[in-house]
Amino acid sequence: MVTSATSKLLVSDFDSSVSHIPSNYVRPIFDRPNLSEVESSGDSIPLIDLRELHGPNRTEIVQQLAIACSTYGFFQIKNHGVPDTTIDKMLTVAREFFHQPESERVKHYSADPTKTTRVSTSFNIGADKILNWRDFLRLHCFPIEDFIEEWPSSPSSFKEATAEYATSVRALVLRLLEAISESLGLERDHISNILGKHAQHMAFNYYPPCPEPELTYGLPGHKDPTVITVLLQDQVSGLQVFKDDKWVAVNPIPNTFIVNIGDQMQVISNDKYKSVLHRAVVNTENERLSIPTFYFPSTDAVIGPAHELINEQDSLAVYRTFPFVEYWDKFWNRSLATASCLDAFKASTT
Ligand code: OGA
Ligand code: NI
């Protein structure tokens, strides 16, 4: 029997009542996760200790970042300065949010990707042809005072926990952007300066258990539209990174973050640091929560390769300089795709 679409808006409101996934979640055979072929992360994703980033060993840590950014595009960080209590509160309140009754969660429902606070499902429900086994709350969180009013007020500690977390992660991002600028041989404030007024968004991804995880994705393979992404995940595996032609599972390590390079960093670094394909898979047993912080230029910023990284002999500009809003409109006008959004921003070769 083919199970068809349900009338529920969110996966979490029908997952426990089906033994097969609805047909609009089923991927064609050539586009399935092949979970038995996925490698376990082992040592393949670097773990960088940031404890000494601001001491005499800074150069060494910056060098580790340079290698991680250029060879992997993905790395984990510990001793990052975000307090364990801030992280625990964030995970707890996010879980509480998704465990609320349907009526409370759907209050924030919107299919419009331009809304600055919204609950939705899949990736871009208006554009996705096959749906993804994910619900999410997405919100803008910098400057906090511009958005906090519209954030959910239930659970009652939601705003406070989210503001504390977002502030602390932003401070970490700014330190990372300085160190990454340095690792490219740029002035420390180069990246920060070209991001205009800066923008920070968070997603709270909720992946319910899935009766047929081999047939669908939590999120299909994609590259992030960000400068960098800082991901917090709970203790359930699900994130996978595409490395050396294989999918590698990034298994959770408590109180570490996973950082990945996004498309804007790829442009600024003129392809020295590449945005990496990654995806989220689901499983039959456990719900999974992940909380990415997406760091962006403000929409009025103009993005392009750093002039210092371009010279006429051996390093031509790979990308043209473009208003960030042009990229942003392109990204949200489509479904999530493995093809890079950056092809449209290549410099002309004539
Ligand atoms: C994302 C993402 C991975 C995950 O939200 O862009 O890649 O593990 N999430 O949820
Ligand atoms: Ni992503």
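Q: Strand 13: how many of its residues are buried?
A: Nine of its nine residues are buried, so strand 13 is mostly covered. Buried stands for under 20% relative accessible area, exposed for over 50%, and partly exposed for what falls in between, using a 1.4 Å probe and protein chains only. Strands (E, at least two residues) and helices (H or I, at least four) are DSSP runs, numbered from the N terminus.

Q: What kind of model is this?
A: It is a predicted model, in which local features need pLDDT of at least 70 and side-chain atom pairs count only at pLDDT 80 or more, while totals for chains, interfaces and linings use all residues. Residues are numbered from 1 along each chain as its sequence is written, chains are lettered from A and ligands numbered from 1 in the order in which they are written, and side-chain values use heavy atoms, with hydrogens and water left out.

Q: Back to strand 13. Which residues point which way?
A: R288, S290, P292, F294 and F296 point one way, and L289, I291, T293 and Y295 point the other way. All of them are buried.

Q: What about the largest nonpolar core: which residues touch the most other members?
A: F204, I228 and F257, out of 92 residues. Helix 5 (residues 158-183) gives the largest share of this core, 12 residues. A nonpolar core is a set of buried Ala, Val, Leu, Ile, Met, Phe, Trp, Tyr and Cys residues joined through side-chain atoms within 4.5 Å. Apart from it lies another core of eight residues, among them L239, V241, V250 and I258.

Q: New topic. Which residues are the protein donors of the nickel ion?
A: H222 (NE2), D224 (OD) and H278 (NE2), lying 2.1 Å from the nickel ion, which is ligand 2. Donors are N, O and S atoms within 2.8 Å of the metal (3.2 Å for Na, K and Ca); water is not among the atoms, so sites may look incomplete.

Q: How are the donors spaced along the chain?
A: The spacing is H-x1-D-x53-H. D224 sits in the loop between strand 7 (219-222) and strand 8 (228-233), whereas H278 is in strand 12 (residues 278-280), 54 residues apart.

Q: D224 and H278: buried or exposed?
A: D224 is buried, with a relative accessible area of 4%, and H278 is buried as well, at 6%. H278 is also the bridge partner of H222.

Q: Where are the cis peptide bonds?
A: One joins F142 and P143, with omega about -10°. The bond from S154 to P155 is cis too, with omega near 0°. Most peptide bonds are trans, and most residues other than glycine have a negative phi.

Q: Which residue has a positive phi although it is not a glycine?
A: D244 does, at about 50°, and N270 does, at about 55°. D244 is exposed, with a relative accessible area of 59%, whereas N270 is buried at 8%. D244 lies in the loop between strand 9 (239-243) and strand 10 (246-249), and N270 in the loop between helix 7 (263-268) and strand 12.

Terms used: Pairing = 2+ DSSP bridges.
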